[in-house]
Amino acid sequence: MKKLSAEWDNPLFKQVQAQFEEAAANLGLDSNLFYRLRVPDRALIVSVPFRRDNGQVQVVPGYRVQHNDILGPCKGGIRYNPNVNLGEVAALAMLMTWKCALVGLPLGGAKGGVQIDPTPLSRTELQRLTRRYTAEIINFIGPDHDIPAPDMGTNEQVMAWIMDTYSQMKGYSIPEIVTGKPVVIGGSLGRKEATGNGVVFTVIEAAEKIGLKLDHNTRVVIQGFGNVGSAAHKKFEKIGCRVVGISDVSGGFYNPNGLRFEDLMEYVEKNRTLQNYPEAEAVSNEALLTLPCEILVPAATEGTVTDKVAREIKCRILAEGANGPTTLEADKILKDNPDLFLIPDVLANAGGVIVSYFEWVQDLQNFFWNETEINQRLGDIMKKAFHNVVHMAEQKKVGMRMSALMSGINSVAQAMLTRGLYP
Ligand code: NAD
């Protein structure tokens, strides 16, 4: 096995490669396919200079990685975070390939990122950064080969600026260049909530499978109150569950009587973060994950479920809203826990890319669907994918994560074998 060069040397990249290697061995994957799939097809590194409000120019690194496009155009979010690097983006691009294949979308996997903390930036700074990053990657992306979407640190507004920059440079409106944009410029109804809603759809199926009743006595803990965590919170509340723990980067909050979604939203709108949220006990982000609960949803970032956390986890269902939240060591511990049902990231958070796919299709057709239709189609796809993964796990006697990965990798491998190697 070749050693990783320094730029790829990232814990998440090593983790997804190790998982891929195990899944490939279980599948008896052809060695040509193995070597092609364990690294991305292409990667672009750019320098992004942008003017701060004080007149100074700051330069930050940006990335876009396309892992594999055998099933269709590459699809994947753009992340703004100070820890972003090439290895992390490549890992997330690889997970996108398996995710799209697993849920049956005609799309490949990509990811992008800019190494910056967006929180202290003003709106004008964020806009200049986004427009320049878009200009730097403009020939790499396109509605027929690589379509970005939001991820950590980016949102609907950032997608709107990407769409506008791309359209201005091409000379006409091209809404299908990004998904997760506001509805008023060609976004899809239901996209903002899709990932969080999708997490809950899979939890409903898992609860039925293990005979867990979902009602006011069902305690839910969610790490992260961003796009994914907040939408999941709202949906859990809607189906009657009690969210007792929540967190963001400022820390965690616990109230065994329940934390109301509307109250938290109102607080975050006023204060930007949950810091000092009243009417709850403050806990660390690590302690939050081991609170007594039936359902745990890590929906913040990678590597938060460590081996230490895994040993103390008390939930019955662990639904990975974030990408790669569980470390390799933790995963081994969770696998040996007979009381825990794991819904792995590539399955649990696939709702985002599913509705992104709907958005792209609607933009291409210039014909828009209503929200009921979108949620119905999302639910159908998530449910089918969930049961396929359960079926394969039982048939092959592997865990849910391995089953999901094997299912996604197998679809990609079949397509590669059928298309053959060029030239
Ligand atoms: P976001 O930026 O909207 O929210 C992230 C939340 O996590 C924020 O509340 C932030 O304060 C918190 N956070 C960040 N670092 C943290 C840390 N170290 N400890 C505790 N909390 C921390 O991001 P998002 O879009 O909700 O994405 C969250 C996760 O879900 C990421 O792993 C992302 O890749 C994954 N995901 C997102 C989507 C999507 O549609 N947005 C789709 C699939 C997967």
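**Exercise 1: the aromatic pairs**

Phe20 is buried, and Trp98 is buried as well, where buried means under 20% relative accessible area, exposed means over 50% and partly exposed lies in between (1.4 Å probe, protein chains only). The model is a predicted one, in which local features need pLDDT of at least 70, side-chain atom pairs count only at pLDDT 80 or more, and totals for chains, interfaces and linings use all residues. Residues are numbered from 1 along each chain as its sequence is written, and side-chain values use heavy atoms, with hydrogens and water left out.

Task: classify the ring pairs Phe20–Trp98 and Phe225–Phe261, and place each partner in the chain.

Solution. Begin with the rule: rings of Phe, Tyr and Trp (its six-membered ring) pair if their centres lie within 6.5 Å, and planes under 30 degrees apart count as stacked, over 60 as edge-to-face and the rest as tilted. By this rule the count comes to 10 aromatic pairs. The centres of Phe20 and Trp98 are 5.5 Å apart and their planes stand at 10°, so this pair is stacked. Because Phe20 belongs to helix 1 (residues 11-27) and Trp98 to helix 3 (residues 86-102), the pair ties together parts that are 78 residues apart in sequence; helices (H or I, at least four residues) and strands (E, at least two) are DSSP runs, numbered from the N terminus.

Turning to the second pair, Phe225 and Phe261 are tilted, with 6.2 Å from centre to centre and 55° between the planes. This pair links distant parts of the chain, 36 residues apart, with Phe225 in the loop between strand 6 (219-223) and helix 7 and Phe261 in helix 8 (residues 261-271). Phe225 counts as buried at 12% relative accessibility, and Phe261 counts as buried at 8%. Finally, ring pairs link Phe20, Phe34, Tyr35 and Trp98 into a cluster.

**Exercise 2: the ligand shell**

Task: describe which residues surround the ligand and which backbone atoms lie close to its oxygen atoms.

Solution. First, 21 residues surround the ligand, the closest being Arg79, Asp151, Gly153, Thr195 and Asn323; a residue is taken as near if one of its heavy atoms lies within 4 Å. Helix 6 (191-210) and helix 7 (227-238) each supply at least two residues of this shell. Next, a polar backbone atom of Gly153 is 2.9 Å from a ligand oxygen atom, a backbone N or O atom of Val228 lies 2.9 Å from a ligand oxygen atom, and for a polar backbone atom of Val249 the distance to a ligand oxygen atom is 2.9 Å. The protein covers 84% of the 830 Å² of accessible area that the ligand has on its own.

How values were computed
A polar contact is a pair of N or O atoms within 3.5 Å; within protein, one must be able to donate a hydrogen and the other to accept it, and residues adjacent in sequence count only if both atoms are side-chain atoms. Accessible areas come from the Shrake-Rupley method with a 1.4 Å probe; for residues, only the protein chains shown count as cover.
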